[in-house]
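Please examine the sequence and the three-dimensional structure shown below. The explanation that accompanies them is written to be read alongside the coordinates.

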Amino acid sequence: MADSSDRTRANPAPREAASPFLAQYFAAKADYPDAILFFRMGDFYELFFEDAEQAAPALGIALTRRGQHQGKDIPMAGVPWRQADAYLLKLIRAGFRVAVCEQMEDPAEAKKRGSKSIVRRAVTRLVTPGTLTEEGLLDARAANLLAATARDGDSCALAFADVSTGELGVRVVDAGRLEDEIYALKPAEIVCTDGDLASVCAAAALAGAAVTARPAVKADHRAAERRLKALFEVAALDAFGAFGRAELSALGLIVDYVELTQAGAAPRLSPPRQDAAQDFMTIDPATRAALEIDRALRGSRDGSLLGSVDRTVTAAGARLLAERLARPLTDPARIAARLDAIAYLLSDGARRAGVRQALKAAGDIARAQTRLALGRGGPRDLAALRDGLAAGGDAAARSLGVHGDAPVEIEAACAALSSAEQTELAALQRDLERALAVELPLAARDGGFIAAGFDPSLDALRRLRDDSRSVIAGMQSQYADETGTPTLKIKHHGMLGYHVEVSAKAAEAFLQPPLSARFIHRQTNVNAVRFTTTELSELDAKIARAGDAALSREMELFKTFAARAEAVAPQLRAAAAALAVLDVAAGGAEWAEESRAVRPDVDESAALIAEAARHPVVEDALRRTGEGFAANDVRLDGEGQAGARLLLVTGPNMAGKSTYLRQIALLAVLAQAGLYVPAARLRLGIVDRLFARVGASDDLARGRSTFMTEMVETAAILHQAGPRSLVVLDEIGRGTATFDGLAIAWATAEHLHDANRARTVFATHYHELTNLAGRLPACANAHLKVREWKGDLVFLHEVAPGAADRSYGIQVAKLAGAPKSVVDRARAVLARLEATRGARLADAAEAMPLFDHAASAPPERGVADALAERLEAADADTLSPREALDLIYALKAMLKEEKP
């Protein structure tokens with residue numbers, strides 16, 4: 001969604017001749033000209049004029065016309081009030097904003113002011129992508145963030161809020177890293193000033209976020225400070241942190257926009273959390289996409305790192321796990337605290353199972369409490385509080401056990417959930433357990449959600465209402481006997497109330513004395529005639545009063561519980577956060593046991609030493625098919641002591657180089673997120689920045705070819721990577737001429753080794769680069785092992801020291817299904833090129849026969865030539881005994897094939 005200027009609405013302006021109803025509509029529309037107006041009329045939200053014309057096709061509903069304005073028919077469309085959430089979601093996803101204009105009084109109240117008075121209406125909220133709170137509009141297992149950016153000179157700040165949970169935070173970021181931070185947050189909507197709109201739009205497009213521009217005055221830091229003090233009812237913000245001007249401006253934009261979208265209602269936000277950018281590993285958008293951390297390349301959660309390791313059982317836990325993977329820590333102590341929690345629950349399977357079983361019954365406390373506070377909650381949100389608190393208390397009791405040896409993170413979570421320590425929460429939970437019925441309606445106005453026996457006055461009103469209904473049944477029987485009309489029925493109608501209904505034939509007697517004196521005619525339909533009596537009218541009023549009084553009492557009780565929840569909102573938020581922490585720890589332990597993951601040793605060194613490491617996503621996919629994953633080691637050291645600083649990896653396509661590169665990067669993400677890693681051992685020195693250039697892609701939106709995109713991303717790495725960075729690069733330089741590409745790859749490798757001094761894994765097909773291992777002191781070679789068998793390649797997916805002997809590109813082409821003539825021709829061309837290796841390529845091409853290969857297949861090489869080539873390729877000094885034996889068997893097989 002862009003700012004309001006890009007979606008101009010051409011609804012007609014009101015005139016003096018407009019009806020009172022249209023005048024009310026135009027007044028509401030004038031306050032929200034760039035939004036679709038949902039105008040409540042009874043059981044429908046109606047849309048008019050251009051709103052109807054634009055929304056109808058987006059919603060897949062009929063566009064009609066009714067009445068006229070300024071001599072033209074009025075376009076109109078409508079959606080049912082009770083199903084509005086589904087339609088709102090469609091409009092939000094289509095890029096619209098929606099202003100919801102509600103009826104603020106009962107129609108009966110309006111009539112008291114005069115027969116021609118219309119119901120008062122007012123806009124109660126502006127629905128935008130970043131301010132959703134309704135359960136039906138949100139992904140339960142994903143955060144829905146609203147972000148805001150602000151600048152003050154060279155300083156830049158990014159604030160973020162999840163309106164559905166009340167979370168609020170802010171951090172100072174380098175202007176050059178703003179795009180990285182926005183992509184890490186993945187907000188649904190970004191608010192900025194008009195002046196920053198152009199710079200924010202590119203980052204927003206990359207993150208898939210809508211953008212809303214606000215006047216610069218809304219970002220004034222002085223006004224923002226006053227707004228924050230008023231919101232949190234404090235005289236100073238010092239208790240929350242030392243905020244700079246840019247941070248205050250960004251927070252002010254957030255709070256102002258939430259107030260705007262909630263139609264002036266005070267935002268239900270927690271005090272702001274101040275983050276430092278250096279507290280988290282920096283991961284640029286290209287790296288996130290290449291590593292598929294939270295989304296696979298096809299856009300789904302399945303196939304991503306998050307999808308593979310997520311074993312959480314609550315929505316809040318899933319959101320916390322996604323946040324931790326998106327922003328891994330850089331503080332070994334904080335990482336250790338998370339790992340301690342997992343280790344604690346991993347060590348006791350029964351305890352972990354009990355915690356997870358308890359958590360499965362938990363409701364989403366944070367989102368339920370927010371909806372209640374905003375007046376959008378219902379009985380099921382009260383049930384979510386009840387179930388969440390009950391499950392939390394149960395999980396806390398199971399977590400602590402009897403030993404009292406729980407780590408700090410577990411103890412803190414249990415304290416926030418303990419009924420002994422959180423007495424107000426415990427009392428709220430007990431009362432909700434007594435108060436709520438088994439079956440709960442979606443909306444409080446539907447009634448029936450308070451259990452019998454909880455409130456004596458409500459029980460009395462219900463008895464009166466229900467006993468009156470039994471009286472109706474008796475009265476129907478009495479009337480039927482007295483009139484001799486067994487088909488007589490007493491029914492209820494919204495306008496007529498309770499009435500007698502008989503067939504048209506039977507009605508003739510009711511219209512004549514003596515029955516006409518008692519039965520008063522009210523309505524004649526095609527097949528039935530309706531009458532009332534004095535007794536029915538009196539009973540109708542009595543029942544209506546009892547039913548209305550009962551519903552009114554239930555609404556009072558609902559509001560009382562909502563107010564109690566608001567009074568303990570900080571404790572509820574803490575309980576919700578504690579539930580998520582327990583869930584992530586238990587889920588992390590569950591995944592660790594399933595995948596045979598181990599606790600990483602994270603320290604301040606420059607090492608990355610892994611033994612028998614596996615790719616968590618690939619291994620998960622192979623496990624489902626019953627296959628195993630070939631584990632591999634890696635030894636990197638930024639100091640060049642315990643391992644190479646630059647590791648050059650060679651081997652054929654399909655051998656697993658890209659998988660090897662990605663798994664090294666994902667080990668760092670998992671470890672610094674505070675999770676176990678799929679390996680036999682991992683020692684990791686903190687990674688402050690992670691870079692991955694793996695896989696070919698273009699950027700057509702920016703006019704960049706695949707090679708240009710590769711070079712832009714490589715240039716960013718060379719400018720930004722430092723000694724604590726981890727870099728994984730795949731096939732740099734492949735998109736241009738051979739010598740150009742080799743030169744770029746060579747210079748890049750040298751720069752990473754000498755200037756950046758970053759831990760780097762560099763996969764390449766340029767075998768000439770392997771010579772760098774003898775020239776650069778902290779450079780080493782590794783290769784993916786393959787075997788040839790009867791002319792085919794067997795990929796072993798094992799990483800071994802040293803360089804690969806060749807690329808096996810022609811064998812891979814054969815495996816891919818290239819025609820035999822193409823494969824044979826490629827072999828002939830390769831042989832000629834290798835024979836003229838010292839000559840210019842142009843001379844070699846000139847000597848190449850161009851037409852004879854098309855007429856007939858090239859002559860088959862004799863077995864002697866093949867044997868000679870195979871022996872020549874073998875390095876007798878490096879062959880292991882087993883490899884030498886394999887070679888002998890392969891040579892014997894070639895001889896056997898040659899014999900007729």
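The model is predicted. One of its elements is an open sheet of four strands, arranged in the order β14-β15-β17-β16 and paired in the antiparallel sense. Its edges are formed by β14, residues 489–493, and β16, residues 520–524, each of which pairs on one side only. On average, and with direction ignored, neighbouring strands of this sheet are turned by 40° against each other.

Five bridges join β14 to β15, which spans residues 497–503, and the two strands are antiparallel. Within this pairing, His 493 stands opposite Gly 497 in β15.

Two helices lie across strands of the sheet. Helix α18, residues 456–483, lies across β14 and β15 and runs at about 135° to β14.

Attention now turns to the helix pair. Helix α12 (residues 332–346) packs against helix α22 (residues 569–595) at an angle of about 65°, and their axes are 8 Å apart. The crossing of α12 and α22 is right-handed. On the α12 side, the contact is made by Ala 341, Ile 342, Leu 345 and Leu 346, while α22 contributes Leu 582, Ala 585, Ala 586, Gly 588, Ala 589, Ala 592 and Glu 593. Of the residues in this contact between α12 and α22, nine are nonpolar, one is polar and one is charged.

Definitions and conventions: Residues are numbered from 1 along each chain as its sequence is written. This is a predicted model: local features need pLDDT of at least 70, side-chain atom pairs count only at pLDDT 80 or more; totals for chains, interfaces and linings use all residues. Side-chain values use heavy atoms; hydrogens and water are left out. Two strands pair if DSSP finds at least two bridges between them. Axes are lines fitted to C-alpha atoms, for helices over the stretch in contact, and angles run from 0 to 180 degrees between N-to-C directions. Contact means heavy atoms within 4.5 Å. A crossing is left-handed if the near helix is turned anticlockwise from the far one by less than a right angle, and right-handed if clockwise. Ala, Val, Leu, Ile, Met, Phe, Trp, Tyr, Cys and Pro count as nonpolar, Asp, Glu, Lys and Arg as charged, and the others, Gly among them, as polar.
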